[in-house]
Amino acid sequence: MEKKKKEPLFVALSNQKGGVGKSTLTILLASYFHYRKGRNVLVVDCDYPQHSIRDIREWDIKTVEKNEKLQGKLLEQFEGSERKAYTVLTSTPEDAKQTAYEFLDRSETAYDLVLTDLPGTVNATGVFRSLVNMDYLFVPVTQNRMVMQSSMNFVLAIRELLSRNDSFPLKDIRLFWNCMDRRVSKELYRAYTEIFRHLKLKTLETVLPKAERFNRGICTDGQVFRSTLFPPSPSLLKGSHIDLLADELETILGLTD
């Protein structure tokens, strides 16, 4: 009898407020898990119609094609681990899981994670249904009152929907701080942390700093931060807390074996 492949975990980084870094963080985590941690990762870009992760993959490929140093770096990475670039699929939010399973059913690889990037608005068709059909939802938030209010309403609405229907797969929702600016007063951070606690909204321990490197892709000097073909360079990874975030997520997702 043919051995059945294990089921991957479906994870979304999402927020109904745009500009919180969900696509950038999806790429960073996918690349860190796939190239550094050796996890088999599939990315489904549902941020219709712009599909920003697909566009970054295409830009990454063109950048490497024009630079012999980067070609050598990619070859060295493959020879060292035999890990090809992870696949980036495009889909609409309502078809996210169907698109993923059509690929997974054809693949001989057993995948650990399916990371899904969804539009920055729940008004887009199928977003809410796609979210509750994930296994885990992680919601990046920033030090902005409008973002915070919107994010809390977003999570509370999903939690309310789950409470009325226990058939949805979504197991856990957690907020986490992104783009934390040390120059900004910590009073807002402490106040919202207390509100989260009062509303029984779970948060991650890892806090991601505000740093210019989060906007940095592949550079001609070979240094990389946000890329679909390479993991973050060690010098740029240091202090970014992406490694800490990945470790914390591994524990929550049960991928520590």
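Q: What makes a residue buried, exposed or partly exposed?
A: Relative accessible area decides: buried is under 20%, exposed is over 50%, and partly exposed lies in between (1.4 Å probe, protein chains only). This is a predicted model: local features need pLDDT of at least 70, side-chain atom pairs count only at pLDDT 80 or more, and totals for chains, interfaces and linings use all residues. Residues are numbered from 1 along each chain as its sequence is written, and side-chain values use heavy atoms, with hydrogens and water left out.

Q: Why is Cys-179 called partly exposed?
A: Its relative accessibility is 32%. That value falls between the 20% and 50% limits, so Cys-179 counts as partly exposed.

Q: What makes Cys-46 buried?
A: Cys-46 has a relative accessible area of 0%.

Q: Which residues does Glu-250 contact, leaving aside its neighbours within four places in sequence?
A: They are Phe-33, Lys-37, Arg-39, Leu-255 and Thr-256. Contact means heavy atoms within 4.5 Å.

Q: How do you know that β1 and β4 pair?
A: Two strands pair if DSSP finds at least two bridges between them. Strand β1 (residues 9–13) and strand β4 (residues 113–117) have five, in the parallel sense. In one of them, Leu-9 is the bridge partner of Leu-113 in β4.

Q: What makes β3 and β6 the edges of the sheet?
A: The open sheet has six strands in the order β3-β2-β4-β1-β5-β6, with parallel pairing. β3 (87–90) and β6 (172–177) each have a single partner strand, so one side of each lacks a neighbour in the sheet.

Q: What makes a set of residues a nonpolar core?
A: Its members are buried Ala, Val, Leu, Ile, Met, Phe, Trp, Tyr and Cys residues, joined through side-chain atoms within 4.5 Å. The largest such core has 36 residues; Leu-42, Leu-137 and Ile-158 have the most contacts inside it. Helix α6 gives the largest share, six residues.

Methods. Helix = DSSP H or I, 4+ residues; strand = E, 2+ residues; numbered from the N terminus.
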